[in-house]
Amino acid sequence: IPTSIISIIIFAKQKLIDFKFAITISLGGICGAIVGAIISLHVNTNMLRKIFAIFLIGIAIYESVLWYKKYKKEA
């Protein structure tokens with residue numbers, strides 16, 4: 001947190017932060033965290049593990065497809 005605060009100060013002085021956008025994204029993140037916490041209280045631990053595993057596999061497939069498309073264009 002201290003490093004983040006210092007970074008925000010430095011970037012704000014350089015006018016590299018769009019605070020309106022940052023607040024919008026932060027509010028979305030906070031709402032998502034609250035909803036996720038509530039859902040996790042009502043879902044079985046084993047089910048959460050399976051959902052997370054499926055999520056990770058989905059992200060891996062997505063990233064692999066993007067990498068392949070990029071590699072194919074360069075070749």
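This note walks through the fold, the overall shape and the surface of a predicted model.

1. **Fold.** The protein has 3 helices and 0 strands. Read along the sequence, the pattern is α-α-α.

2. **Helix 1.** This helix covers residues 2-13, which makes 12 residues. At 1.5 Å a residue it should span 16 Å. Just after helix 1, K15 takes a positive phi of about 55°.

3. **Overall shape.** The radius of gyration of the protein is 19 Å. A compact globule of 75 residues would have one near 11 Å. The C-alpha trace spans about 50 × 45 × 20 Å along its principal axes.

4. **Burial.** How many of the 75 residues count as buried? The share is 0%. The accessible surface of the protein comes to about 7,200 Å². Carbon and sulfur atoms account for 73% of that surface.

5. **Nonpolar patch.** I8, F19, I23, L27, I30, I34 and I38 make a nonpolar surface patch of about 690 Å². Helix 2, residues 19-42, gives the most to this patch, with 6 residues. In an α-helix there are 3.6 residues a turn, so residues three or four places apart point the same way.

6. **I8.** This member of the patch lies in helix 1. Is I8 buried, partly exposed or exposed? Its relative accessibility is 45%, so I8 counts as partly exposed; that class lies between the cut-offs of under 20% for buried and over 50% for exposed.

Technical notes:
Residues numbered from 1 in each chain as written. Predicted model: local features only at pLDDT ≥ 70, side-chain atom pairs only at ≥ 80, totals over all residues. Heavy atoms only, no water. Helix = DSSP H or I, 4+ residues; strand = E, 2+ residues; numbered from the N terminus. Expected span 1.5 Å × (residues − 1). Rg over C-alpha atoms; globule rule 2.2 N^0.38 Å. Buried < 20%, exposed > 50% of the residue type's maximum accessible area, 1.4 Å probe, protein only. Areas by Shrake-Rupley, 256 points an atom, 1.4 Å probe, with all protein chains shown as cover. Patch = residues over 30% accessible without salt bridge, like charges linked within 9 Å, V, L, I, M, F, W, Y side chains within 5 Å. Salt bridge = Lys/Arg side-chain N within 4 Å of Asp/Glu carboxyl O.
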